[in-house]
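Dear colleague,

I am passing the structure on to you below, followed by some notes on what turned up in it. Please read them with the structure open beside you.

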Amino acid sequence: ERAGMSGSLGRAAAALLRWGRGAGGGSLRSPGVRTAGSGAGGGGSTEELDAMVKKDKVVVFLKGTPEQPQCGFSNAVVQILRLHGVRDYAAYNVLDDPKLRQGIKDYSNWPTIPQVYLNGEFVGGCDILLQMHQNGDLVEELKKLGIRSALLDDEKKDQDSK
């Protein structure tokens, strides 16, 4: 997945559009490999995940960190949040913790990472966040959380300078 790392948001978007709704792509791994008991270990229990997604208004589960995303889609999510000026959010690196990586997929019933949560509610992955960014929903959702999108300030500047 490293090839797309430096790729711009535009390229990630293009790849997503090319794939269509590729959420079904999680079936490549053989399902029987999980040896850990059903949520027995740390990091993967529903209670812990509940606490993680509700701890902050904006929570993302990434491959890598916001400073160093390890896949193009995680990078795209970070870039979208950055565009909106969302700095104060919780980011969990699933590459550090295989139990978390599987646990959060089971928790959300969503087969891929990254995953974005707003106010404890699962929103979706990169494609959904990108869609919300493009159609203006993300600005509205952030507003409900008391977060003012930086894009509003940019628009205002544009209007003032006309």
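S149 counts as buried at 1% relative accessibility, where buried means under 20% relative accessible area with a 1.4 Å probe and protein chains only. Please bear in mind that this is a predicted model, in which local features need pLDDT of at least 70 and side-chain atom pairs count only at pLDDT 80 or more, while totals for chains, interfaces and linings use all residues. Residues are numbered from 1 along each chain as its sequence is written, and side-chain values use heavy atoms, with hydrogens and water left out.

S149 sits in the loop between α6 (137-144) and α7 (150-161), helices being DSSP runs of H or I with at least four residues and strands runs of E with at least two, numbered from the N terminus. A polar atom of the S149 side chain lies 3.1 Å from the backbone nitrogen of L151. Residues up to four places away in sequence aside, S149 touches H84, V139 and L142, contact meaning heavy atoms within 4.5 Å.

V94, in the loop between β2 (90-93) and α4 (98-108), is also buried, with a relative accessible area of 0%. Its contacts beyond four places in sequence include F61, L62 and I113; V94 and F61 are 33 residues apart in sequence, yet 6.5 Å apart in space, C-alpha to C-alpha.

Finally, in the contact between α3 and α5, the residues F73, A76, V77, I80 and L83 of α3 meet C126, L129, L130 and H133 of α5.

Best wishes

Technical notes. Buried < 20%, exposed > 50% of the residue type's maximum accessible area, 1.4 Å probe, protein only. Polar contact = N/O pair within 3.5 Å; in protein donor to acceptor, adjacent residues only side chain to side chain.
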